[in-house]
Amino acid sequence: MTLEISQAFVDAILEQSRVEYPDECCGVILGPAGSSKALRHKPMINAAHSPTFYEFDPKDLLALYREADDNDEEIVVIYHSHTETEAYPSRTDIAYAGEPGAHYVLVSTRKEIAPATEFRSFRIVDGVVTEEPVTISG
């Protein structure tokens, strides 16, 4: 499967990762239920406020699911940044991956690659990580 995402969303995620550095940033992109189209970006607050871990606040997550349900949307992309490691799911990321239909996007802002940034997408299903191609549209 391929993640199709707009350059505007890529830019927004990368900007959020830079602004929230040294903490990991996080958020989602929603789309119409059943479509797999990434259409609405929703940055979230990293409730852990950590450079090595991210988590959505349970109240924010509940509000997100209610909002998505009210709008007949689903989570298409779940993203976060890695501040000092490559853009690849950690053991913790894999353990917490609970949306088998979602694209898990990771960006890396580690200093060794600055100002370049890694932007990668994965599927995580039953603990199995599969990298997928990313197509970025204008």
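Q: How do the residues lining the second largest pocket divide into nonpolar, polar and charged?
A: In this predicted model, the lining of the second largest pocket has six nonpolar, six polar and two charged residues.

Q: Which residues are closest to the centre of the second largest pocket, and how many line it?
A: The volume of this pocket is about 220 Å³. It is lined by 14 residues, and E4, I5, S36, K37 and A38 are the closest to its centre. Which elements give two or more residues to that lining? They are strand 1 (3-6) and strand 8 (134-137).

Q: What volume does the largest pocket have?
A: The largest pocket comes out at about 330 Å³. Of its 15 lining residues, Y54, F56, L61, Y96 and G98 are the closest to the centre.

Q: What makes up the lining of the largest pocket, by class?
A: Ten of its lining residues are nonpolar, two are polar and three are charged. Tyr, Phe and Leu count as nonpolar, so Y54, F56, L61 and Y96 go into that class. Gly counts as polar, so G98 goes there.

Q: Which elements each supply at least two residues of the lining of the largest pocket?
A: They are helix 2 (58-70), strand 4 (73-82) and helix 3 (91-96). Helix 3 has the largest share, with three residues.

Q: How do you know that F53 and Y96 form an aromatic pair, and what kind of pair is it?
A: Three aromatic pairs turn up in all. For F53 and Y96 the centres lie 5.9 Å apart and the planes make 65 degrees. The limits are 6.5 Å for the centres and over 60 degrees for edge-to-face, so this is an edge-to-face pair. F53 sits in the loop between strand 3 and helix 2, while Y96 is in helix 3, 43 residues away.

Q: Is Y96 buried or exposed, and what about F53?
A: Y96 has a relative accessible area of 63%. Exposed means over 50%, so Y96 is exposed. F53 comes in at 26%, between the 20% and 50% cut-offs, so F53 is partly exposed.

Q: Why is the pair of Y54 and F56 called edge-to-face?
A: The angle decides that: it is 70 degrees between the planes, and over 60 counts as edge-to-face. The centre-to-centre distance is 5.8 Å, within the 6.5 Å limit.

Q: What lines the largest cavity?
A: The lining is Y54, H80, P89, D93, Y104, L106 and I124. By class it has five nonpolar, one polar and one charged residues. Asp counts as charged, so D93 is the charged one. The volume is about 30 Å³, and one cavity of 30 Å³ or more is found.

Q: How do you know that R40 forms a salt bridge with E67?
A: Side chains of opposite charge can pair when their charged atoms come close. The closest N and O atoms of R40 and E67 are 2.7 Å apart, and the cut-off is 4 Å, so the pair qualifies. R40 lies in strand 3 (residues 40-44) and E67 in helix 2, so the bridge ties together parts 27 residues apart in sequence.

Q: Why are R40 and E67 called partly exposed?
A: R40 has a relative accessible area of 26% and E67 has 24%.

Q: What makes R40 and E73 a salt bridge?
A: Their closest N and O atoms are 2.6 Å apart, which is within 4 Å. E73 is in strand 4, so this pair ties strand 3 to a part 33 residues away in sequence. E73 is buried at 17%, as that value is under 20%. Which residues are linked in a network of salt bridges? R40, K42, E67 and E73 are.

Q: How do you know that E118 and R110 meet in a salt bridge?
A: The N to O distance is 2.9 Å, again within 4 Å. R110 is at 16% relative accessibility, under the 20% cut-off, so R110 counts as buried. How many salt bridges does a search of the whole structure find? It finds seven.

How values were computed. Residues are numbered from 1 along each chain as its sequence is written. This is a predicted model: local features need pLDDT of at least 70, side-chain atom pairs count only at pLDDT 80 or more; totals for chains, interfaces and linings use all residues. Side-chain values use heavy atoms; hydrogens and water are left out. On a 1 Å grid over the protein atoms alone, a cavity is a set of points where a 1.4 Å probe fits but cannot get out, and a pocket is an open set with protein on both sides within 12 Å along at least five of seven lines; lining residues have an atom within 4 Å of a point. Grid points are joined across faces, edges and corners, and a volume is the space filled by probe spheres set on the points. Helices (H or I, at least four residues) and strands (E, at least two) are DSSP runs, numbered from the N terminus. A salt bridge is a side-chain nitrogen of Lys or Arg within 4 Å of a carboxyl oxygen of Asp or Glu. Buried means under 20% relative accessible area, exposed over 50%, partly exposed in between (1.4 Å probe, protein chains only). Rings of Phe, Tyr and Trp (its six-membered ring) pair if their centres lie within 6.5 Å; planes under 30 degrees apart count as stacked, over 60 as edge-to-face and the rest as tilted.
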